[in-house]
Amino acid sequence: ELNGEVGLLTDPTAAEAEANPDRRVVELAGGDRLALRPENLALPRHAPGDAVTLEAEFDGEEEGLEGAAAVVSTLTDEERGLGFGARGGRVVVDVLPSVPGGPVLHRLLMWPELLRPRPFRPGDVVELAGLQGDAALNGRTGTVAAAEGAELE
C-alpha cells in the first residue's frame with residue numbers, strides 16, 4: 001500500500017539510527033516516518049502532462065509559487081539550444097495561471113524530488129485529451145466539478 005507514495009528523505013533521530021542502521025528515514029506528507037531499505041527508494045519520475053505541486057521555496061520573481069499547481073512540459077528547441085537538456089536531471093514545468101484561461105507566466109526547471117503528484121481538483125480548468133469514445137470532445141476545455149450522487153459510485 002505504500003508503493004508510489006512520495007515522501008522526503010530526512011535525517012534519522014538517534015533512536016531511529018540505532019534501531020535501523022542500514023536504512024534511510026522517509027517522512028510522508030501526514031508526518032509518518034518510515035525506516036526503509038535504500039533499494040526500496042526511487043526518485044519520482046514525471047512525464048509530460050503530469051499535474052504536480054511545487055514543493056520548494058522561491059525568491060525573486062518566483063516568490064510566492066510555493067505550493068502552486070504546475071504541469072510537466074517538454075523543452076523547446078530554443079531551450080535545448082541554450083544548453084538545457086535531460087542530462088541535467090531537472091524537469092521543465094509550466095506553472096498554471098491563477099486566472100482560468102490566462103497565459104503561463106512561469107516556466108521553471110525543477111528537480112524531480114521538489115515536485116509532488118497533484119490530482120485534479122474541483123475548479124481546475126482542464127483540456128480534454130485522449131478520449132476515444134467521443135473524440136469530438138478532444139481539445140475542448142472544461143472545469144473540474146465535484147462528483148455528486150451516482151457519479152460517486
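In this predicted model, Glu-79 is buried, with a relative accessible area of 16%, a value that falls under the 20% cut-off for burial. Its side chain meets that of Arg-107 in a salt bridge, with 2.7 Å from N to O. Glu-79 belongs to helix 2 and Arg-107 to strand 7 (residues 107-110), so the pair ties together parts that are 28 residues apart in sequence. Arg-107, at 30% relative accessibility, counts as partly exposed.

Helix 2 (residues 77-81) also holds Asp-77 and Arg-80, which are three residues apart and thus separated by about one helical turn. The side chains of Asp-77 and Arg-80 form a salt bridge as well, at 3.2 Å from N to O. Asp-77 is exposed, with 67% relative accessibility, whereas Arg-80 is partly exposed, with a relative accessible area of 45%.

A search of the whole structure returns five salt bridges. Another one of them pairs the side chains of Glu-27 and Arg-33, with an N to O distance of 3.5 Å. Both partners count as partly exposed: Glu-27 has a relative accessible area of 33%, and Arg-33 has 32% relative accessibility. Through shared partners, salt bridges join Glu-16, Glu-27 and Arg-33 into one network.

Turning to the strands, Thr-53 is found in strand 4. This threonine is buried, with a relative accessible area of 10%. Leaving aside residues up to four places away in sequence, Thr-53 touches Gly-67 and Ala-68, together with Leu-114, Leu-115, Arg-116, Arg-118 and Arg-121.

Val-71 has its place in strand 5 and, at 26% relative accessibility, counts as partly exposed. With residues up to four places away in sequence again set aside, the contacts of Val-71 are Gly-49, Asp-50, Val-92, Val-93, Asp-94 and Leu-96. For one of these contacts, Val-93, the C-alpha to C-alpha distance from Val-71 is 5.4 Å, although the two valines are 22 residues apart in sequence.

The loop between strand 4 (51-54) and strand 5 (69-72) contains Asp-59. Asp-59 is exposed, with a relative accessible area of 59%. On the surface, Asp-59 gathers with Glu-57, Glu-63 and Glu-66 in a patch of negative charge.

Terms used:
Residues numbered from 1 in each chain as written. Predicted model: local features only at pLDDT ≥ 70, side-chain atom pairs only at ≥ 80, totals over all residues. Heavy atoms only, no water. Patch = residues over 30% accessible without salt bridge, like charges linked within 9 Å, V, L, I, M, F, W, Y side chains within 5 Å. Areas by Shrake-Rupley, 256 points an atom, 1.4 Å probe, with all protein chains shown as cover. Salt bridge = Lys/Arg side-chain N within 4 Å of Asp/Glu carboxyl O. Lys, Arg positive; Asp, Glu negative; His and termini not counted. Charge placed at Lys NZ, Arg CZ, Asp CG, Glu CD. Helix = DSSP H or I, 4+ residues; strand = E, 2+ residues; numbered from the N terminus. Buried < 20%, exposed > 50% of the residue type's maximum accessible area, 1.4 Å probe, protein only. Contact = heavy atoms within 4.5 Å.
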